[in-house]
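Here is a protein chain to look through. Please keep the sequence and the 3D view open.

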Amino acid sequence: MTITPERHMFSQGANGRGNSMLVLSTDAKPRLKWTPHLHERFIQAVNQLGGADKATPKSVLRVMGVHGLTLYHLKSHLQKYRIGRNLCGQPNVGGANKIIVGMDQHATDTPEEIDELHNSKLHMQIEAPGKFNEQLEVQKHLQLRIEAQGKYLQSVLEMAQETIGRQNMQGEVGLATSGYKE
């Protein structure tokens with residue numbers, strides 16, 4: 001087996017928990033390919049710690065015990081896991097004996113299907129801020145229209161009051177010149 005220069009393979013530590021391999025890039029910030037097996041171990045660790053809301057990257061790292069896995073990798077993955085679960089409307093609680101449905105519901109899917117699922121969730125995460133900003137712009141526009149309408153109505157009301165006031169004054173002047181007394 002040849003290892004390409006842009007990838008390093010790290011075997012799992014001597015804790016005897018399987019033979020999974022971590023695939024990391026040689027970038028300044030090594031990127032980790034989360035295999036279905038590694039993700040399953042991640043989910044088991046999160047469940048063992050009481051769910052995604054209670055689990056911390058450091059505690060997940062300790063429970064998983066995978067050599068080469070860093071806090072950097074787990075912080076990112078736990079954050080994405082929590083966001084993905086929140087987007088899917090799944091609760092973030094669980095116990096050691098509870099199987100949580102969410103990102104792990106596709107454990108029997110092929111790697112291509114898992115990648116497609118992750119890509120669609122990532123696409124939703126990327127689109128969400130854009131949609132939020134678009135909604136903010138619509139709200140600002142509506143607020144400006146409401147304020148303009150309010151100013152217009154205020155000016156119409158003031159003009160009506162002035163007109164009524166002038167008519168009242170003319171009516172009083174007309175009554176006074178006609179000699180009519182109440």
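What follows is a set of questions and answers on side-chain packing and charge pairs.

The model is predicted, so local features need pLDDT of at least 70, side-chain atom pairs count only at pLDDT 80 or more, and totals for chains, interfaces and linings use all residues. Numbering runs from 1 along each chain as its sequence is written, and side-chain values use heavy atoms, with hydrogens and water left out.

Q: Is His 77 buried or exposed?
A: Buried means under 20% relative accessible area, exposed over 50%, and partly exposed in between (1.4 Å probe, protein chains only). His 77 sits in helix 3 (residues 71-87); helices are DSSP runs of H or I, at least four residues, numbered from the N terminus. Its relative accessibility is 7%, so His 77 counts as buried.

Q: Which side chain joins that of His 77 in a polar contact?
A: Contact means heavy atoms within 4.5 Å. Leaving aside neighbours within four places in sequence, His 77 touches Trp 34, His 39 and Phe 42. A polar contact is a pair of N or O atoms within 3.5 Å; within protein, one must be able to donate a hydrogen and the other to accept it, and residues adjacent in sequence count only if both atoms are side-chain atoms. At 2.9 Å, the partner is His 39.

Q: What is the angle between the planes of Trp 34 and Phe 42?
A: Rings of Phe, Tyr and Trp (its six-membered ring) pair if their centres lie within 6.5 Å; planes under 30 degrees apart count as stacked, over 60 as edge-to-face and the rest as tilted. The structure holds two aromatic pairs. Trp 34 and Phe 42 form an edge-to-face one, 5.6 Å centre to centre, with a plane angle of 70°.

Q: Which residue meets Lys 131 in a salt bridge?
A: A salt bridge is a side-chain nitrogen of Lys or Arg within 4 Å of a carboxyl oxygen of Asp or Glu. The N to O distance is 3.7 Å, and the partner is Glu 127.

Conventions
Helix = DSSP H or I, 4+ residues; strand = E, 2+ residues; numbered from the N terminus.
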